Amino acid sequence: MTHLHRRARPSGPRLASLVAGVALALAASLPGAGALAQEAGGPPPAPILSGRDRFHPVLARNGMVSSQEALASTVGRDILAAGGNAVDAAVATGFALAVTLPRAGNLGGGGFMMIHMAGADGAAGETHALDYRELAPAGASRDMFLDEEGNADSNKSRYTGLAIGVPGTVAGLAAAHERFGSGRFTLGELIAPAIALAREGFPVSDDLAGSLKRVHERLSKDADAAAIFYKEDGGFYRTGEILRQPQLAASLERIAREGISGFYAGPVAEAVATRVAAAGGSMSVEDLASYEAKWRAPVTGNYRGYEIASMPPPSSGGVHIVEILNMLEPHDVAASGFGSAKTMHLMAEAMKRAYADRSEYLGDPDFVDVPVRGLTSKDYAARRMADFDPERAAAASEIRPGDPAPYESNETTHFSVIDKDGNAVSNTYTLNFSYGVGMVAPGTGILLNNELDDFSAKPGVPNAYGLIGGDANAVAPRKRPLSSMSPTLVFRDGRPVIATGSPGGSRIITTTLQVILNVVDHGMNIAEASAAPRMHHQWLPDEIRIEEGFSPDTLKLLEGMGHTIAEKATMGSTQSVMVVPGGLAGAADPRRQGSLATGY
């Protein structure tokens, strides 16, 4: 069973606009995901508003934003409606989330952005990958997370100043705006809605109130964080009460006036470095001043006639989404069906092999040679699956990292945007844990990340998400830690069809993958694809993790094949936008309260 949260009923002009949009869709009989699958040889087409569907997407003609927090989605939509493009809207949404979704939206973290800019006069356009991942300060060392006996010390890598990476978010959002913004808005104008939300405040949602209660023990240890997120008497904010963040507003105003130097130099940078040092870290103002976001070549692949573009290393997401799709493509997943034992067995075995490769080969490409071309080769995928047994699960101990050399020739939040011109943005960014390291740089209102836990503290020892890493992801000065963040764009004939991605730590890759499979192979509309129950296998631990909702009979069949089944909490919070004839369809994952897809 999938649990849905209630959203406020639209009224006035918004309601009229929504009704008009749905009427337009009905009148035009807009085809949905099923029609796209049919073009690629998949299942029969289904209308986007079908009596067979349990979930329906939000429809709009001109632009769509989907994010994990409704106020931030509305900020992005309003930028689109005012003439901004998808990048303008993404930048405004990113800054707004730093205010309204403080556990993951951020200034003090980092992430990755996929951008597609449509070509003129119907041309296909260009796709770009922006890496604004946090990086280790110059004073970092390979063994800094080990204790006196040489064992990995998780407290050091998660809850001290050593865990804090040099933040990249402000540099990343500014770089996207500078290169691909429409030119209709200055950076300061795109930050203005976030400033207003921070200074004037906003009503605390059920989701925010609950999350602040859950992290009280950790956040209340930091005096600056406690002063922001709890009342003067130490009490909790209740749903509907107004949360104001004047120090964060001042920091945003400084960035709006001064650009990235308002964050990476001057009082804000000094406050960040001071707080990190006080917590035992080595970050300096020079580390902050020298930070640069990097433009990289996207990882690309092809699956059943669709082109996939996703994030390259230091994200492992794009490589392994393409690798898993390559392993699945020779099999008729549509015929075996969603949620069948045959399909889930195949997916689990492909996932195992990809995550085994992740443990060995992936790291910061500025420091290690990552065999991207080999790992994403269809020939390599065929070799990896050569020992696949359709009737039996291979034990994780039987699967080792492959050899891609001969084929050479993740608490996070995501948002997606597509505009009326076909420009598209898929962005995932994070503080790592919920509310990051739980520390605020004094006087700034800025929460800091604990992203350096994503390094391999000691090769072969799992991180907080159970992921095994090797030497390729060892700590080094000025190095970016490996990530599972997977902002992804899906194309048909060079034009965007889907923008999607998710939070979820190690499950990000498989969550994003399943949205793609649900659309392309199983003919679901984007809302159905987002709501369908999910599974995950990451090689170690050797188990298929599932959400509630799969048939008990299917699970028994899988156990009979040798799989261990572990039903646990829901996975991810996908935020997706899909292009359909005549407009756009958006879907905010129902797994998280407060998310919203909205368009105009």
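This is a predicted model: local features need pLDDT of at least 70, side-chain atom pairs count only at pLDDT 80 or more; totals for chains, interfaces and linings use all residues.
**View 1. Strand 2 pairs with strand 10 and with strand 21.** Here we look at strand 2, which covers residues 64-67. Met64 and Ser66 point one way, while Val65 and Ser67 point the other way. In general, side chains of a regular strand alternate between the two faces of the sheet. All four named side chains, Met64, Val65, Ser66 and Ser67, are buried. Strand 10 (residues 412-418) runs antiparallel to strand 2 and is joined to it by 3 bridges. Strand 21 (residues 596-599) is also antiparallel to strand 2, with 4 bridges between them. Methionine 64 makes a handy landmark: it stands opposite isoleucine 418 in strand 10 and opposite glycine 599 in strand 21.

**View 2. Serine 530 is a buried residue of helix 21.** Helix 21 spans residues 526-531. Serine 530 counts as buried because its relative accessibility is 1%, and the cut-off for buried is under 20%. Beyond its neighbours within four places in sequence, serine 530 is in contact with Thr574, Ser576, Ala587, Asp589, Pro590 and Arg591. Take threonine 574: it lies 44 residues from serine 530 in sequence, yet their C-alpha atoms are 6.5 Å apart in space.

View 3. Strand 17 (residues 544-546) pairs with strand 18 in the parallel sense, over 3 bridges. To find your way along this pair, look for isoleucine 544, which stands opposite isoleucine 565 in strand 18.

Conventions. Residues are numbered from 1 along each chain as its sequence is written. Side-chain values use heavy atoms; hydrogens and water are left out. Buried means under 20% relative accessible area, exposed over 50%, partly exposed in between (1.4 Å probe, protein chains only). Helices (H or I, at least four residues) and strands (E, at least two) are DSSP runs, numbered from the N terminus. Two strands pair if DSSP finds at least two bridges between them. Contact means heavy atoms within 4.5 Å.
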